Amino acid sequence: MIIRAVIFDLDGVLTDTSEYHYQAWQRLANEENLLFDRQINEHLRGVSRQRSLEIILNGKSITPSQFTEMTERKNCYYIESLQEITAENLLPGALTILQTLKTKDVKIALGSASKNARFVLERLDIIPYFDFVSDGNSVTQTKPSPDLFLFTAQQLGISPSHCAVVEDAASGIEAALAAGMWALGIGPEERVGRAHASFPDTHTLSDVNLEAFVAELESVRQGWVITENKYDPESLSHKETIFTIGNGYLCSRGAYEERHPAENRITFIHGVFDDMPISFTELANVPDWTNLEIFVEGEQFSLAKPESEILTYHRQLDLRTCILSRQVTWRSPQGKLVRLEFERWCNLANQHMVGLRCTITPLNFSGQIEVRTGLMGHTDNQGLRHVDILDQGHADGLTWLRSQTRHTNIEIGQAVRTTACGPALEAIKRAICPAWGQPTDIISAAVGMGQQLTILKETAITTSREGDNPLQRAMALLQTESSYDNIMADNKKVWDENWAASNVIIEGDPEAQLAVRFSLFHLLIAAPRNDDRVSIGAKTLSGHSYRGHAFWDTDIFILPLFTFTQLHIARNLLMYRYHNLAGARAKAADNGFEGAQFPWESAADGVEVTPRWVPQFENPSRLLRIWPGDIEIHITADIAYAVWFYWQASGDDGWMRDFGVDLILEGAVFWGSRVEKGDDDFYHLCDVIGPDEYHDHVDDNAFTNQMVAWHLQTALDILAWLRRQSPDRYTELVKRLDLSAERLQHWDEVSRRMFVNRANDGLIEQFSGYFELNDADIAVLRDPARTHSMHTILGIEGANQSQVIKQPDVLMLQYLLRDQYSLEEIRVNWDYYHPRTDHEHGSSLGPSITAILACLIGDPEEGYVHFMRAARTDLQDNRLNARDGIHAASAGGLWQDVVFGFAGLVLEPEGYNFSPRLPAHWKRLAFALQLRGQDLWVEIQPDKPVEVKERVKILD
């Protein structure tokens, strides 16, 4: 952030005329027999002459002519005293600040409520320093209204976001904040504490490089804060996805608190599924806790309200603490100007606690403010209702709601405690609205201009998945008083611990830095910390798409992040697969096979929930057959790979012995019964889909076949290890799974004789007959104007008959099993498949893996292109579907790009090794890593040895 203008207040910042004002008001008060002292005088800081007199009168009734005469009389007394002012009356440090700024490309302006400001500047002999002077004559509404500062910025031709205001009055700080400017306070904390930064006096400020100081304030946010500086209803759904917050138990999309006609308001809780047509089951949108409606003198606040005006708008998500905040300065259709500040959080220190805070400041009026907030039970999933209301009420200062999913009978208990502070507490009125399904607290107060009404809403949410009586447990959570500051401190502490374990630092590339942390954040808020019977869906908990179902995305793309940073989360995700072995066994049996065949899409209990038929997008009256649930079978080997990779990274022999071996061995039993031996004496898998879903019903998909061969060989190795390490467990599994010598011999033969069409130079055919298909039209593929996938352009059958691919199966295979391929073999497959891949609009899973392969063949700059394509998937919505939810696999793949691609981490039998290949403009790459019981911090800089040391436990 570059500061292009500094706007100074006059009194208390450049000079101290407050004593002159005080004496003039005191003289008037004495003449009119009005109560006035220095305590009352404090309330006059930064406000207009007219408003000051209103404060002194304190409700005393006088005629308009008397009011005008008294203000003019006070002004005469004040001007009399100003004749004594000279340059000697400049506050210490003021001239130094002006002289320093004048030497730089920074505009200097005055923004004072005083109508005598220009006269005072002339007496102080500093008028030449100012590019523009705004005073009490410039606008009709002065501080705390932002009009004066916005007018000044407009006259200077500088955007408000590039302006800094130096103020000594609370009303001036509010005006600067409402204008969307940086606010620097002069004076005590109790007066200017809401400023971005404060200084005890002007002299202290003179020792600070203002531009550098504000830049440093901004740099603290860089890499950690996602910002939105303009209200854009066209991008509402996209931004709701971006601004999703959560805590590993639940997530809530970033819909506005006050509601919007185009919103897609969602709160999903892990494991709370309910039945639905077509896709079998989906996460239920539970009763909403984020709603908060505001009425300003009877006018309802809404950004979409016709004839209202949005003067300033700023929304930001602090990735470091998961605080979503928004600041809006809004003028109602009737001209009422208010500043609204929202904060929302999901507490990582207590997964059942969420909350929001809203501060409302009238800027040009005094009047009635009303707030309505509670629980909204009338929620649905794109028109399908999943939740029935059981009961509701108000008791012991709490508002509560009991609800239940309609088919799965999961009970949800929610309780809310709403508190208000601001004007005199006795003036705050409260009422209850008991409308069925939406119990609501109503809070109202008469709020003076420049005063603040703050609403704090704490919500507890539990379900019957965690235990009986969820409502009682929710209400009990709110019985303990906790201040806002304590909530924030507890939440920050746990977030600091999480970031210490997962942080990545990229110097020299702010966009990449922010994108990586954004991706990590969305995986961290979706990661189940206290539940091993749920997983991370393909869209996390951020949108309706894929219904909350888990795919291979979790095991291959997401799990490595946690395997190498937070093992307890990785174990939970793997245990989800273990607990759902029964569903995998049932699927294998239903298909006529042995062992465990894992579902392509999995939800609550591990049964297959991939839809078989869906309405066609172009013509909903026609149905389209969906095949992955039947024939995209590689997921069973993918899960085995995730188990094995976790074991290699963690050295967790106990978990592997007790749980992991079951997943690997039962999957191997399935493969042993699924493969077919051909007349060529090789084993085959026919009628399958590989990761490249542009091609279905293919035979001998190379990715699937080679992963099966790996799976079977790994099962034999694991079984041998188990026999040595735990004979009793070995005996138990051999008996239960019927692991006879004949079966094991069969596995060994299949692992060695699995068919893969591999040429002498190492080029692998993606599946049988692939090379005979129509070659891809490279010109169309690489056309930068293309906005649709090749699948859409060519049609289902056209894509099936073309060599264009959704994602590069063979390169994915060589990434996972890279120790089985030479660099030359990887390069020859790169040269063939990379040009034929729909990188831009194919699978969002592809770019991150392609980036790693580019690094492996020594081309980090090409890798960076694909890395940034993945990085921009959600932040820039480059696939035009971020509205549907976060692309979780792409987010996980981005972390793998950093660690396995650019840093070049390779696990070895007795340790690890790094072969860095940084993009040319990266100055430093550093990240946390957990390897075989060690918490490490890795530092990589160009032309320097890799430094690995013990990491800190709390993020600094």
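Residues are numbered from 1 along each chain as its sequence is written, and side-chain values rest on heavy atoms, with hydrogens and water left out. Because the model is predicted, local features need pLDDT of at least 70 and side-chain atom pairs count only at pLDDT 80 or more, while totals for chains, interfaces and linings use all residues.

In soluble globular proteins, nonpolar side chains tend to be buried together. Here a nonpolar core is a set of buried Ala, Val, Leu, Ile, Met, Phe, Trp, Tyr and Cys residues joined through side-chain atoms within 4.5 Å; buried means under 20% relative accessible area, exposed over 50%, and partly exposed in between, with a 1.4 Å probe and protein chains only. The largest nonpolar core holds 203 residues, and the members that touch the most others are Phe562, Phe867, Leu925, Phe927 and Leu929. Helix H22 (residues 702-725) gives the most to this core, with 13 residues. Helices (H or I, at least four residues) and strands (E, at least two) are DSSP runs, numbered from the N terminus. Apart from this core lies another, of 38 residues, including Val6, Ile85, Ala164 and Leu210. Contact means heavy atoms within 4.5 Å. By that rule, and leaving aside neighbours within four places in sequence, Leu925 is in contact with Val504, Ile505, Ile506, Val898, Phe902, Ala903, Leu918, Val938, Glu939 and Ile940.

Phe130 sits in the loop between helix H6 (117-124) and strand E3 (132-134), and its relative accessible area of 9% makes it buried. Residues up to four places away in sequence aside, Phe130 touches Phe8, Leu14, Leu98, Ile108, Ala109, Leu110 and Leu121. His695, in the loop between strand E30 (683-684) and H22, is buried at 1% relative accessible area. A polar atom of the His695 side chain lies 2.5 Å from the backbone oxygen of Ser802. With residues up to four places away again not counted, the residues that His695 touches include Ile689, Gln766, Phe767, Leu773 and Ser802.

Charged pairs form another theme. A salt bridge is a side-chain nitrogen of Lys or Arg within 4 Å of a carboxyl oxygen of Asp or Glu, and a search of the whole structure finds 67 of them. Glu732 is partly exposed at 33% relative accessible area, and Arg736 is partly exposed at 39%.

Rings of Phe, Tyr and Trp (its six-membered ring) pair if their centres lie within 6.5 Å; planes under 30 degrees apart count as stacked, over 60 as edge-to-face and the rest as tilted. The whole structure holds 46 aromatic pairs. Trp552 and Phe557 make an edge-to-face pair, 5.4 Å centre to centre with 90 degrees between the planes. Trp552 is buried at 3% relative accessible area, and Phe557 is buried at 0%. The rings of Phe593 and Phe670 have centres 5.7 Å apart and planes at 85 degrees, so this pair is edge-to-face. Phe593 counts as partly exposed at 24% relative accessibility, whereas Phe670 counts as buried at 0%. Finally, ring pairs link Phe564, Tyr641, Trp644, Phe645, Trp710, Trp895 and Phe900 into a cluster.

Technical notes: Polar contact = N/O pair within 3.5 Å; in protein donor to acceptor, adjacent residues only side chain to side chain.
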